[in-house]
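Colleague: Please put the model up, and let us go through it by question and answer.

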Amino acid sequence: MHLRLLLPSLSMLVLLPIARPATAPTTLPVEDRVRDLLSRMTLEEKVGQLVQYSGRDTLTGPGSQAELVPLIKAGGAGSMLNVHGAAKTREWQKLAVESSRLHIPMLFALDVVHGCRTIFPIPLGTAASWDLGAIEQAERIAAIEASATGIHWTFAPMVDIARDPRWGRIAESAGEDPFLGSTIARARVRGFQTDRLGAPGTILACAKHFAAYGAVQAGRDYFTTDVTERVLRDVYFPPFRAAVDAGVATFMAGFNDLDGTPCTANAFLLDRVLRGEWGFRGFVISDWQGISEMLEHGNVADLRDAARQSFLAGLDVDMEAQGYEKHLAELVRSGAVPVARLDAAVGAVLAAKFRLGLFEDPYRNCDEAQEKALLFAPAHREAARDLARRSAVLLKNNGVLPLKAGGITVAVVGPLADSAGDQLGCWSGLGERSEVVTLRAALAEAFPGARLRYAQGCLTTGDDTSGFAAARQAAAGADVIVAALGETANQSGESTSRASLDLSGPQLALLRELHATGKPVVLLLMAGRPLLLEAVDPLVDAILVGWHPGSMGGPGLADVLTGAYNPSGKLPVTWPRSVGQIPLFYAHKNSGRPTPTDPEGKYFSHYIDTPNTPRFRFGFGLSYTTFAYDSLRLSAPVLQPGGPALIVTARVRNAGARAGEEVVQLYVRDRVGSVTRPVRELKGFEKIALAAGESREVSFRLAPADLAFCRADMTFGPEPGAFDVFVGGDSNAALSAPFTLTAP
Ligand code: NOJ
C-alpha cells in the first residue's frame with residue numbers, strides 16, 4: 001500500500017492510509033486541476049482515459065479478466081462498465097489507484113435504466129404517470145442505490161423519441177412526444193445528478209442515443225435512419241437539448257447511421273449541434289463497439305480510420321471497440337488528430353472525475369455497510385409501489401373495476417400473473433427476482449385463502465395449450481377473472497423488434513376460453529409497448545395497462561384493481577389499431593386532403609380497410625371518476641413578443657363520486673406556417689388531485705418561444721399569425737380558443 005502526499009495547500013504533510021492521486025489543490029477550480037494533471041500525463045495515459053471495457057466482476061478465478069489487469073495498472077482504462085458491488089469495485093479501483101503511475105481513479109458505469117436494485121416500472125410506464133416529482137424521485141433512489149453499489153455513472157436517461165411500437169426499445173423511452181419527452185428528460189437528469197454532482201448519492205447521467213435512434217426504418221433495431229434536419233430539430237433533438245440544459249454530464253452516440261453517417265462519427269451531431277450550438281461541455285461515449293461497427297456500416301475501411309473519424313467528429317470515449325486503444329496514440333503522433341482535440345476529450349473525462357470527488361476519495365462508493373443498508377430499502381420499495389400504480393393506464397372499464405370488496409373470489413390467470421423476472425422488464429439493473437412481489441402474491445393479500453385462484457394457462461410463446469383446462473377451472477369458480485397477458489421481459493427492450501403486435505403465442509386463445517366462461521374478464525396488460533387490442537377488446541370488460549411494473553408492480557397494480565388507488569396514468573404513446581398504421585402519432589401533419597374531396601368520399605388521405613384514428617389516443621387514460629372541463633379563457637387575444645406571456649386558464653371539475661387525479665393537458669395548433677405544421681402539439685400539462693365534486697382552475701403560460709419550430713429558412717423560432725389552444729384530458733381536447741402572435 002502506498003502512502004501519498006495530499007492537500008499541499010494545507011502546507012502540511014498528510015499521510016493517508018490509501019493511495020491517492022497527486023493532484024493540484026482541491027481549492028483550485030476544476031479546470032485548473034485538469035490542466036495540471038494533463039500537463040503530467042503521457043500520450044498513452046491520456047488515451048487510456050478514453051478507453052472503456054466491460055468487466056465480469058471477478059479479477060481472479062474462473063471467468064476472471066486477467067488480461068485487463070496490466071492494462072488498468074498502466075492507466076489504460078479510464079472507465080469500466082458492468083463492474084458493480086462495493087467490494088468488487090474497490091478491488092478493481094485499487095488496481096488503477098494504487099498501481100498506475102498517476103493513480104487516476106476509474107469510473108464505473110452501469111445501465112441503471114429504471115432502478116438499480118429496487119426496480120421501478122419501465123421508463124415508458126413511468127412516462128405514463130406524467131408525474132415529474134415521482135419520476136425524479138425514482139431516479140434519485142436509483143442513483144442512491146447505484147452509488148451504494150460502487151457505480152459512478154449510469155447510461156440513462158434514454159431520451160429517444162419513439163413513434164414505432166415495433167421497436168422494442170420504445171420500452172426504454174418516454175414515448176412519442178418532444179414536449180413530454182423533454183420535460184421527463186430534465187426530471188430524470190435532476191434525479192441522477194441533482195444540482196450538485198458530487199454530493200452523496202449522485203451519479204453521472206448519460207443522454208442516449210444521440211440521435212434519432214428511435215426512427216430506425218421499419219422499427220427494426222440497429223437499422224438505418226434517414227430523418228430530415230427539420231424533423232431532427234423539431235422532434236428528435238428537443239429531449240437531448242433539454243438534458244443538456246439540465247446539466248447532463250455525458251452523452252452516448254446511437255448505433256444507427258443518420259443520413260449516411262453513423263452517429264458514432266457524425267460531426268453534424270456531435271460537433272456542430274451538441275457542442276457548437278448547445279454548448280455541451282461534458283463527454284460523449286460510443287455505444288457498445290460503435291466504432292468498430294462502422295466497418296459493417298461501410299463508411300470506413302479499417303479500425304484506424306473508424307477511430308480517426310469518430311474522434312475528429314467529437315466522440316470522446318470508446319466503449320469496447322479497441323479503436324482508441326489500438327490507434328489513437330499513433331493518430332496523434334502522426335498528426336492525423338490534433339493534440340488539442342485529445343486534451344479536450346481527456347480533460348472532459350477528468351473533469352467529471354474531479355466533480356464527482358473521486359480524486360479526494362476514489363473509494364467513496366465502496367462501503368459495504370452502506371450498500372447493505374440502502375439496496376431495496378423499505379422507503380425505496382414504497383416509492384416503487386407508488387410509481388407502479390401511478391404508471392398504470394386504464395383504457396377500458398365497463399364497471400367491473402374496481403373489484404368489489406366483500407367476499408368475491410378472483411381468478412388471476414396468465415403467463416404474467418406470477419412471473420417475477422418478467423415483471424422487472426428489460427434492463428432491470430441489479431433487480432432480484434426473489435425480491436419481486438408478483439401480481440398473484442399481491443392479490444393473495446387482498447383476496448386471502450380460497451378467494452384467490454391461480455392458473456398460468458400458457459406461455460407467451462409457442463403453441464402449448466395444455467394449461468387451458470386448469471385456467472378454465474380456476475375461472476369457473478371465480479366471480480371475476482384477471483388475465484395477466486402481454487410480453488415477457490425478453491420480448492421487450494434492445495433487439496426485440498416485432499413485426500406483429502398481436503398477443504403472442506396462445507394468449508388470445510386463452511382469453512377466448514376465459515371469455516367463454518361468461519365471467520367478467522379484466523385484461524391486465526404487462527408489456528413494453530402497445531399491443532394490438534382489436535381482437536381482444538370484445539372479449540374483455542376492462543383493460544388496464546400495467547407495463548412491466550418492476551419489483552413492487554404486484555402491489556401497485558393490485559392497488560389499482562381493488563380501488564385502493566384511483567388510476568391516473570395517461571398514454572405517452574398513441575395506441576394503433578393495426579401495424580399498417582405505424583408510425584402513428586397525434587402530432588401529425590394535416591395533408592392536402594384530410595377530408596374527402598369527392599361525393600364518393602374516396603379521394604382523401606386514408607386507408608380503405610382501417611380508420612385513420614388510433615385505438616387509443618395519446619394522453620388518454622380513464623379514472624374511476626370523471627372530469628369535466630369548462631370556462632376556457634385567455635389573458636389576452638394577442639400575444640406580443642416582449643410583452644407579457646399569454647395565460648391560458650380552464651376549469652376542471654371532478655364530476656364523479658370519488659377523489660381522483662387528472663393530467664390536464666394544453667395543446668396548440670399553429671394554423672399557418674412557412675412550412676406545414678402539426679395538427680396540434682402538446683405545450684403544457686399539470687397533474688392535479690381533486691376531491692369528489694371539487695373544481696379547480698388550472699393555468700398555463702405561453703410565451704412566443706414556446707411556439708418555436710424549424711422555419712422554412714432553417715432558423716428556429718416562432719412565426720406571427722393565428723393559433724388555437726386546446727385544453728382537456730387527452731390529445732383530442734375539445735375546449736379551444738384562438739389567439740394571434742404579432743410580429744416583433
Ligand atoms: C448497448 C445499448 O444500446 C446501450 O443503451 C447500453 O447503454 C450499452 N449497450 C451498454 O450496456
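Colleague: How far is an oxygen atom of the ligand from an N or O atom in the side chain of D111?
Modeller: This is a predicted model, where local features need pLDDT of at least 70, side-chain atom pairs count only at pLDDT 80 or more, and totals for chains, interfaces and linings use all residues. Residues are numbered from 1 along each chain as its sequence is written, and side-chain values use heavy atoms, with hydrogens and water left out. A polar contact is a pair of N or O atoms within 3.5 Å; within protein, one must be able to donate a hydrogen and the other to accept it, and residues adjacent in sequence count only if both atoms are side-chain atoms. For the side chain of D111 and an oxygen atom of the ligand, the distance is 2.5 Å.

Colleague: How much of the ligand's accessible area does the protein cover?
Modeller: Areas come from the Shrake-Rupley method with a 1.4 Å probe; for residues, only the protein chains shown count as cover. On its own, the ligand has 300 Å² of accessible area. The protein covers 94%.

Colleague: Which residue has a polar side-chain atom 2.9 Å from an oxygen atom of the ligand?
Modeller: H209 has a side-chain N or O atom at 2.7 Å from a ligand oxygen. The 2.9 Å distance belongs to K208.

Colleague: How many nonpolar, polar and charged residues are in the shell around the ligand?
Modeller: The surrounding residues include L81, F155, R169, M252, W427 and E494. Ala, Val, Leu, Ile, Met, Phe, Trp, Tyr, Cys and Pro count as nonpolar, Asp, Glu, Lys and Arg as charged, and the others, Gly among them, as polar. The shell has six nonpolar, one polar and five charged residues.

Colleague: M252 belongs to β6. Which residue points the same way as M252 from this strand?
Modeller: Helices (H or I, at least four residues) and strands (E, at least two) are DSSP runs, numbered from the N terminus. In a regular strand the side chains alternate between the two faces of the sheet. In β6 (residues 250–253), F251 and A253 point the other way, and all four are buried (under 20% relative accessible area; exposed is over 50%, partly exposed in between; 1.4 Å probe, protein chains only). The residue that points one way with M252 is T250.

Colleague: Which residue of β9 is the bridge partner of F251?
Modeller: Two strands pair if DSSP finds at least two bridges between them. β5 (residues 206–210) and β6 pair in the parallel sense over three bridges. β6 and β9 (residues 283–285) also pair in the parallel sense, over three bridges. In β9, the partner of F251 is V284.

Colleague: Why is helix α21 largely enclosed by the rest of the structure?
Modeller: Its buried residues, among them P555, L557 and V560, pack against α16, α17, α18, β14, β15 and β16. α21 (residues 553–562) is largely enclosed because its buried residues number nine of the 10.

Colleague: S623 is in the loop between α21 and β17. Is S623 buried or exposed?
Modeller: Contact means heavy atoms within 4.5 Å. Leaving aside neighbours within four places in sequence, S623 is in contact with L394, N566 and P567. The S623 side chain makes a polar contact with the side chain of N566 at 3.1 Å, and reaches the backbone nitrogen of T625 at 2.9 Å. At 15% relative accessibility, S623 counts as buried.

Colleague: Over how many bridges do β19 and β22 pair?
Modeller: β19 (residues 646–654) pairs with β17 (residues 627–634) in the antiparallel sense over six bridges. T649 has S699 as its bridge partner in β22. β19 and β22 (residues 695–702) are antiparallel, and their bridges number eight.

Colleague: What is phi of N82?
Modeller: N82 is in the loop between β2 and α4. At 27% relative accessibility, N82 counts as partly exposed. Phi of N82 is positive, near 70°.

Definitions and conventions: A residue is near a molecule or strand if one of its heavy atoms lies within 4 Å of it.
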